[in-house]
Amino acid sequence: MLKSGGGVSKRTGSRHVLIVLTLCILWYIVSSSNNVIGKMVLNEFPYPMTVTMIQLCSITLYSGPFFNLWGIRKYQDMERSYYLRIIVPLAFGKFFSSVASHVSLWKVPVSYAHTVKATMPLFTVILTRLIFNEKQPTLVYLSLIPIITGVCIATVTEISFDMMGLISALISTMGFSLQNIFSKKVLKDTGIHHLRLLHLLGKLALYMFLPVWIYLDSFQIVKHPIVTNFDYRVIALLFVDGVLNWLQNIIAFSVLSLVTPLTYAVASASKRIFVIGVSLIILGNPVTWINCFGMTLAILGVLCYNRAKHYSNERTLLPVAAQNGNLKKYTTLRNQGSYHMNTSKPNGYTMGKKNSLLATGSGIVQNGSTTHVLFV
């Protein structure tokens with residue numbers, strides 16, 4: 001019987017690893033395809049605002065039916081003042097950061113744009129210090145050095161360098177960092193499901209961005225040869241780009257619900273390496289070995305940052321857990337059921353009956369004070 005139980009446990013563990021590995025591969029393929037197709041579209045159809053509009057429409061149109069089909073719980077009630085003070089600025093930041101991201105993708109190669117986006121930990125550290133006065137351990141600050149150095153080397157040696165592309169990439173990275181910081185606050189304050197928050201922000205951003213798009217882009221694109229001649233190929237690529245952008249958010253959340261925060265952070269950094277590699281192979285933008293060294297150093301810096309952050313959180317949590325007699329062995333989320341907000345409980349959560357974070361969970365995976373969300 002013991003052997004049988006051990007065999008079942010081993011098969012279950014192997015199945016879990018296989019599922020995570022399959023999802024990661026799918027995530028890497030979808031993300032790299034999204035970036036490559038987005039670059040191809042912008043090369044022929046240079047309207048980053050329109051590409052952003054297509055993606056916001058995809059989030060708004062597809063999310064509702066999909067989430068209802070999968071039984072994801074509805075929106076949480078929010079006070080009007082909280083909605084106006086937090087949610088509306090978040091939605092504005094979403095479309096502004098997305099436009100800046102597409103401008104950078106239009107002006108510079110995909111590989112360089114993603115190298116610049118590796119500076120997100122730097123912006124996160126600076127912004128949390130300025131906004132919340134949150135200090136980081138020395139190890140975390142030291143891990144930022146290879147990120148900064150790598151991006152500087154990649155910038156100096158970038159053959160297709162463009163100042164507007166660099167500034168746009170930095171603005172989008174800072175914007176996504178702010179979204180991550182304040183989205184964590186919304187998830188904690190309201191208990192809203194992460195995917196519902198993504199849908200809410202996407203829909204609100206669409207409403208806010210629509211007048212801007214009509215004024216700046218709509219009258220120009222109707223005169224573009226691709227629209228007047230109804231170029232099926234580019235229009236199809238625009239549609240696919242929107243679908244892939246929406247799909248990669250769903251897959252990324254599914255991966256996050258199955259692994260630890262550190263594993264997810266490593267997988268996310270590895271995904272960026274995969275995107276850079278695929279873009280170099282398919283799009284064939286010229287690079288030097290020094291440029292590749294700078295990209296690699298920046299990505300390795302991100303991995304060091306994630307490890308340093310995880311280590312500092314463990315050092316903070318373990319003494320408290322030991323003191324309270326609550327030190328427990330880590331188990332994966334799939335064995336823990338789903339969590340629901342319950343203000344009557346001291347820890348704010350109760351165990352749900354369903355074993356599915358996607359269906360009923362809050363969409364939050366916590367590791368100490370760090371909560372990972374998916375604005376990338």
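A: Contact means heavy atoms within 4.5 Å. The model is predicted, so local features need pLDDT of at least 70 and side-chain atom pairs count only at pLDDT 80 or more, while totals for chains, interfaces and linings use all residues. Residues are numbered from 1 along each chain as its sequence is written, and side-chain values use heavy atoms, with hydrogens and water left out.

Apart from neighbours within four places in sequence, Ser 104 is in contact with Ala 113, Gly 165, Ser 168 and Ala 169. The C-alpha atoms of Ser 104 and Asp 162 are 8.8 Å apart in space, although the two residues are 58 residues apart in sequence.

Rings of Phe, Tyr and Trp (its six-membered ring) pair if their centres lie within 6.5 Å; planes under 30 degrees apart count as stacked, over 60 as edge-to-face and the rest as tilted. By this criterion the structure holds 13 aromatic pairs. In one of them, the ring centres of Phe 92 and Phe 96 are 6.0 Å apart and the planes lie at 15 degrees, so the pair is stacked. Phe 92 and Phe 96 are four residues apart in helix α3, and therefore about one helical turn separates them. Phe 92 counts as partly exposed at 42% relative accessibility, as does Phe 96 at 44%.

Phe 95 and Phe 209 also form a stacked pair, 5.0 Å centre to centre with 25 degrees between the planes. Because Phe 95 lies in helix α3 and Phe 209 in helix α8, this pair ties together parts that are 114 residues apart in sequence. Phe 95 is buried, with a relative accessible area of 7%, and Phe 209 is buried at 1% relative accessibility.

The wider setting involves a nonpolar core, that is, a set of buried Ala, Val, Leu, Ile, Met, Phe, Trp, Tyr and Cys residues joined through side-chain atoms within 4.5 Å. In the largest such core, of 50 residues, Trp 27, Phe 45, Val 186 and Val 255 touch the most other members. Helix α3 (80-107) is among the elements that give two or more residues to this core, as are α7 (163-190) and α8 (194-221). Not counting residues up to four places away in sequence, Val 186 touches Tyr 82, Ile 86, Ile 87 and Leu 90, together with Gly 191, Ile 192 and Leu 197. A second, separate core of 21 residues includes Tyr 112, Ala 169, Ile 276 and Ala 298.

For the chain as a whole, there are 13 helices and four strands, and buried residues make up 51% of the 376 residues. The average pLDDT, the predictor's confidence in each residue from 0 to 100, is 80, and 80% of the residues score at least 70. Over residues 326-374 the pLDDT is below 50. Where pLDDT is low, the predicted coordinates should not be read in detail.

How values were computed. Buried < 20%, exposed > 50% of the residue type's maximum accessible area, 1.4 Å probe, protein only.
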